[in-house]
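Subject: Structure handover

Dear colleague,

The structure I promised is below, with the sequence. My notes on what was found in it follow.

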Amino acid sequence: MTRYDRIYAVIRRIPRGRVATYGQVALLAGLPGQARMVGYALAALPGRSGVPWQRVVNAQGRVSPRAGGAGFEALQRAMLRREGVRFGDSGGISLAIFRWRPRAAGR
DNA sequence: CGCATGACCTACG
DNA sequence: TCGTAGGCCATGC
């Protein structure tokens, strides 16, 4: 069982219509403070893996831009909206499903 | 082995 | 709201 496998397992447990942050996934995967590894694991994830990668957003409740183009970003938002996730005016996800508080990871 | 890079996070200007 | 700084660590050169 590698770190990535545990990360994927946690993401697979995210209910439809809800989202989790990189930091939260890292915490649940037994890797506190290593949110960056979650992002790295997702970057290494093949397209058809069955992992709901779209349900992982950053600590600000926004879709993280990544290399490869803004098209993926738009696709992720579209997929989430189709699952019932609401986005606010500023492009952020409404706090109803985002009410937890991450612990200090930096400084 | 050293160095740079990256779907991150928080604090501070 | 944006940019910078410091910390985490896997991966590639």
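Contact here means heavy atoms within 4.5 Å. This is a predicted model, in which local features need pLDDT of at least 70, side-chain atom pairs count only at pLDDT 80 or more, and totals for chains, interfaces and linings use all residues. Residues are numbered from 1 along each chain as its sequence is written, chains are lettered from A and ligands numbered from 1 in the order in which they are written, and side-chain values use heavy atoms, with hydrogens and water left out.

Overall fold. Chain A contains 4 helices and 2 strands, arranged along the sequence as α-β-α-α-β-α. Helices (H or I, at least four residues) and strands (E, at least two) are DSSP runs, numbered from the N terminus. Of the contacts in chain A between residues at least 6 apart in sequence, 61% join residues at least 24 apart. Chain A has 107 residues, and 33% of them are buried (under 20% relative accessible area; exposed is over 50% and partly exposed in between, with a 1.4 Å probe and protein chains only).

Gln54. This residue sits in the loop between α3 and β2 (56-57). Gln54 counts as buried because its relative accessibility is 6%. Its side chain makes a polar contact with the side chain of Glu83, at 2.9 Å. A polar contact is a pair of N or O atoms within 3.5 Å; within protein, one must be able to donate a hydrogen and the other to accept it, and residues adjacent in sequence count only if both atoms are side-chain atoms. Neighbours within four places in sequence aside, Gln54 is in contact with Gln76, Met79, Leu80 and Glu83.

Val57. Strand β2 holds Val57, which counts as buried because its relative accessibility is 0%.

Pocket lining. Helices α3 (35-43) and α4 (70-82) each supply at least two residues of the lining of the largest pocket, and α3 gives the most, with 3 residues.

Regards
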